[in-house]
Amino acid sequence: MSKQQPSAMPWYQTGNPVPRRDKTIAVIGAGIAGCTVAAALKKRGFQVTVIDRHERAGSGASGNPEGIVYPKLSPRDDLLPRVNLAAIQFASDYYQPFWDNGLGRQCGVLVVPENNKARNDFKLISQRYADQTEMVETITHEQLEELSGIPLQAESALYFPKLGWLPPQLICQKLLELNNIPLVQADIQRLEYNSQQSRWQLYDANQQILLENHSESVIIASAFDCKQFSQTSYLPLRKIRGQITQLPCTIESNKMKMVICGECYITPAENGFHGCGATYNKDLFTTELRDIDHQTNLAQIAATDAGLATVLGQPTSDSLSGRANFRCTTADYLPIAGAVPNVTAMLEDYAILRRDAKTPITTPGTYLPNLYVNCGMGSRGLSYAPLTAELLAAEIAGESAPLAQDLCHAMHPARFVIRDLKRNRV
Ligand SMILES: Cc1cc2nc3c(=O)[nH]c(=O)nc-3n(C[C@H](O)[C@H](O)[C@H](O)COP(=O)(O)OP(=O)(O)OC[C@H]3O[C@@H](n4cnc5c(N)ncnc54)[C@H](O)[C@@H]3O)c2cc1C
């Protein structure tokens, strides 16, 4: 996809581009979404400043001590597993220098099936990806103990040798540090476009304009808090609490060689502890740790594999620690990366879709000037963020997209407007 190519979906193209005079970009949010996109733009010669309400990068959802680059393949050709495959392939190369420098471990990720449907799917996945064993391999029960280091009970599993775990908070901080990107601490309350100066004005909590003359373009990467800006409040995001548990390793569990995923994930021991997660709570908005959630994580370990639970023993409550924060999810489980539509204009321009969803659209979309969003990473921010960052940076720099066009459309911020018009919901 290049900007010049005609598209079967003109809503995706910007009908009203505002030329850039300089290359100043402000990124709101210093989580994995903000830091990866900041780094991708800095590498392309942009003058990038990241803003976060916290003093340190990686203080929101991206603040966990460990996160998994998590695969979610399918035997079917759906958009979600195709995006996931592209994302994990990109991510495993992206994180290589971090792994080589001792941040996290590229220890491989083993996925055991959660139920019979998953077991059948795994068979089909191994047939489908039979020629890509460097990415995914099927492991039989007989091979499992030698490979994983512990006596797992599963009949079979999928093994992703190029994946592993990373410390997301440190990765965020390193991305800014290594690319010399300044982080400004401020809570951005609202954005206003000054069309005379062709710049965005970012108002902080004291109603002061921040980074005046340094924000020709803005990328909103503030996870669920994208909803607080009038320009992105239309995004159908959900905030879902999750808690991870750190539990002490035992002599037997210390032999675990790789990340194991099923009902939950668990990392190999590091400094005497395993990281395990995570819970899902839709209507709970506290970051306080809850013992009940630690117990849920332990139960999920047992549900993942009885052999896994046996080697971990029965840790006492007071030996458990953890962290809780919030995922930002979308209904289609795909992230959101691209230009922010002018929703009012789109609803008017494409109103005909309400009457006939099949009407071909012939005019390009109306977008807010040089405003972009990168969010909706759900439970897979480590997998998705490097790819969506690259996608956005390529778009902003006027390069060809590093991904098939239908996958770009599937993650586009305007998809919700088009979808809702077609369903006559707006
Ligand atoms: C318990 C748990 C376990 C998880 N495990 C994994 C895992 O193993 N693997 C995986 O890939 N993913 C995992 N995830 C999901 C992953 O953490 C997220 O997908 C990812 O961190 C999202 O990154 P982000 O940059 O979009 O959001 P965040 O990391 O939340 O960053 C958003 C930033 O924006 C800032 N901000 C918000 N509003 C404003 C404002 N108005 N002004 C200034 N700053 C603002 C916030 O302070 C924050 O730092 C897990 C999530 C949870 C909660």
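In what order do the 8 strands of the open sheet with β5 and β17 follow one another? The order is β5-β6-β4-β14-β15-β16-β13-β17, and the pairing within this sheet is mixed. The model is predicted.

- Strand β4 (residues 109–111) and strand β14 (residues 259–261) run parallel and are joined by 3 bridges.
- V109 has V259 in β14 as its bridge partner.
- Helix α5 (residues 141–148) lies across β4, β5, β6 (156–160) and β14, and runs at about 105 degrees to β5.

- Strand β12 (residues 217–220) runs parallel to strand β19 (residues 367–375), with 3 bridges joining them, and V218 stands opposite L371 in β19.

**Two hairpins that share β10**

- Strand β9 (residues 190–194) pairs with strand β10 (residues 199–203) in the antiparallel sense over 5 bridges, and E192 stands opposite Q201 in β10.
- The hairpin of β9 and β10 has 4 residues between the strands, and S198 takes a positive phi near 50 degrees there.
- β10 also pairs with strand β11 (residues 209–210), in the antiparallel sense and over 2 bridges; Y203 stands opposite I209 in β11.
- Between β10 and β11 the hairpin has 5 residues, and Q207 in the turn has a positive phi of about 65 degrees.

**Helix α1 against α11**

- The axes of helix α1 (residues 32–42) and helix α11 (residues 381–396) come within 8 Å and cross at roughly 40 degrees. This angle makes α1 oblique to α11.
- α1 passes α11 in a right-handed crossing.
- From α1, residues I32, A33, T36, V37, A40 and L41 meet residues of α11 that include G381, L382, A385 and P386.
- By class, this contact of α1 with α11 has 12 nonpolar, 2 polar and 1 charged residues.

**Helix α1 against α6**

- α1 packs with helix α6 (residues 168–178) at an angle of about 25 degrees, and their axes are 9 Å apart. That angle makes α1 roughly parallel to α6.
- The crossing of α1 and α6 is left-handed.
- I32, C35, T36, A38 and A39 in α1 meet P168, I171, C172, L175 and L176 in α6. This contact of α1 with α6 has 9 nonpolar, 1 polar and no charged residues.

**Helix α2 against α11**

- Helix α2 (residues 79–94) packs with α11 at an angle of about 90 degrees, with their axes 8 Å apart. The angle makes α2 roughly perpendicular to α11.
- N84, A86, A87, I88, F90, A91 and Y94 in α2 meet L382, S383, Y384, P386, L387 and E390 in α11.
- Divided by class, the contact of α2 with α11 has 10 nonpolar, 2 polar and 1 charged residues.

**The shell around the ligand**

- The ligand is surrounded by 45 residues, of which the closest are G29, G31, G60, G242 and G381.
- At least two residues of the shell come from each of α1, β2 (47–52), β3 (67–68), β13 (238–248), β17 and α11.
- β17 supplies the largest share of the shell, 4 residues.
- By class, the shell divides into 20 nonpolar, 19 polar and 6 charged residues.

Definitions and conventions:
Residues are numbered from 1 along each chain as its sequence is written. This is a predicted model: local features need pLDDT of at least 70, side-chain atom pairs count only at pLDDT 80 or more; totals for chains, interfaces and linings use all residues. Axes are lines fitted to C-alpha atoms, for helices over the stretch in contact, and angles run from 0 to 180 degrees between N-to-C directions. Angles under 35 degrees count as roughly parallel, over 145 as roughly antiparallel, 65 to 115 as roughly perpendicular and the rest as oblique. A crossing is left-handed if the near helix is turned anticlockwise from the far one by less than a right angle, and right-handed if clockwise. Two residues are in contact if their C-beta atoms, placed from the backbone, lie within 7 Å. Ala, Val, Leu, Ile, Met, Phe, Trp, Tyr, Cys and Pro count as nonpolar, Asp, Glu, Lys and Arg as charged, and the others, Gly among them, as polar. Two strands pair if DSSP finds at least two bridges between them. A residue is near a molecule or strand if its C-beta atom, placed from the backbone, lies within 6 Å of it.
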